[in-house]
Amino acid sequence: MNIGMIAHDAKKKLMQNFCIAYRGILNKHELYATGTTGRLIEEVTNLNIHKYLAGHLGGEQQMGAQIEHNQMDLVIFLRDPLCPKSHEPDVDKVVRLCDTHNIPLATNLASAELMIKALDRGDLDWREILRS
């Protein structure tokens, strides 16, 4: 499965900790992330991440293109709802694309943990049928 990961600046450490905790599950899948988030995850986990540009430099659009072409199976976007910065990726665009193309989206740690456990149980195998 293809998993996309994005994190606002205030949530990057949380994304690193999430990936450390679920490294055993994540290493079975293809991982994609915006530039800085991907680099930070790689530094602490040794997971292989396909890195896009930084979110504000077009990485969000690169991931959006994969979503539009049904090439993403799950997106984890840990966002900062209280203090988003102007240079950070726009969560509304990603939400709209995931909703349009029926791609599971987690926007906080609780939903990310539920999704990753469901992925490990095989609950998202229906995505492979859609992609075929």
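## About the model

Welcome to a predicted model, in which local features need pLDDT of at least 70, side-chain atom pairs count only at pLDDT 80 or more, and totals for chains, interfaces and linings use all residues. Residues are numbered from 1 along each chain as its sequence is written, and side-chain values use heavy atoms, with hydrogens and water left out.

Helix H1 spans residues 12–21, and its buried residues are Lys-12, Met-15, Gln-16, Phe-18 and Cys-19. Here buried means under 20% relative accessible area, exposed over 50% and partly exposed in between (1.4 Å probe, protein chains only). Helices (H or I, at least four residues) and strands (E, at least two) are DSSP runs, numbered from the N terminus. Viewed down the axis of H1, the buried residues fall within an arc of 160 degrees, so they line one face of the helix; the arc is taken from the directions from the helix axis to the C-beta atoms. Lys-13 and Ala-21, on the other side of H1, are exposed. The cover over the buried residues includes strand S1 (2–7), helix H2 (23–26), H3, strand S4 (74–78) and helix H6 (109–121).

H1 and H3 pack at an angle of about 45 degrees, their axes 9 Å apart, and are therefore oblique to each other. From H1, the contact (heavy atoms within 4.5 Å) involves Lys-12, Met-15, Gln-16, Cys-19 and Ile-20, which meet Thr-36, Thr-37, Leu-40, Ile-41, Val-44 and Thr-45 of H3. Axes are lines fitted to C-alpha atoms, for helices over the stretch in contact, with angles from 0 to 180 degrees between N-to-C directions. Angles under 35 degrees count as roughly parallel, over 145 as roughly antiparallel, 65 to 115 as roughly perpendicular and the rest as oblique.

## The annotated positions

An unreviewed UniProt entry carries a "binding site" annotation on His-8, Lys-12, Thr-34, Gly-35, Thr-36, Thr-37 and His-87; such annotations may be inferred rather than shown by experiment.

Thr-34 sits in the loop between strand S2 (30–33) and helix H3 (35–45), and counts as buried at 3% relative accessibility. Gly-35 belongs to helix H3 and is buried too, with a relative accessible area of 15%. Leaving aside neighbours within four places in sequence, Gly-35 is in contact with Lys-51, Tyr-52, Leu-53 and Ala-54.
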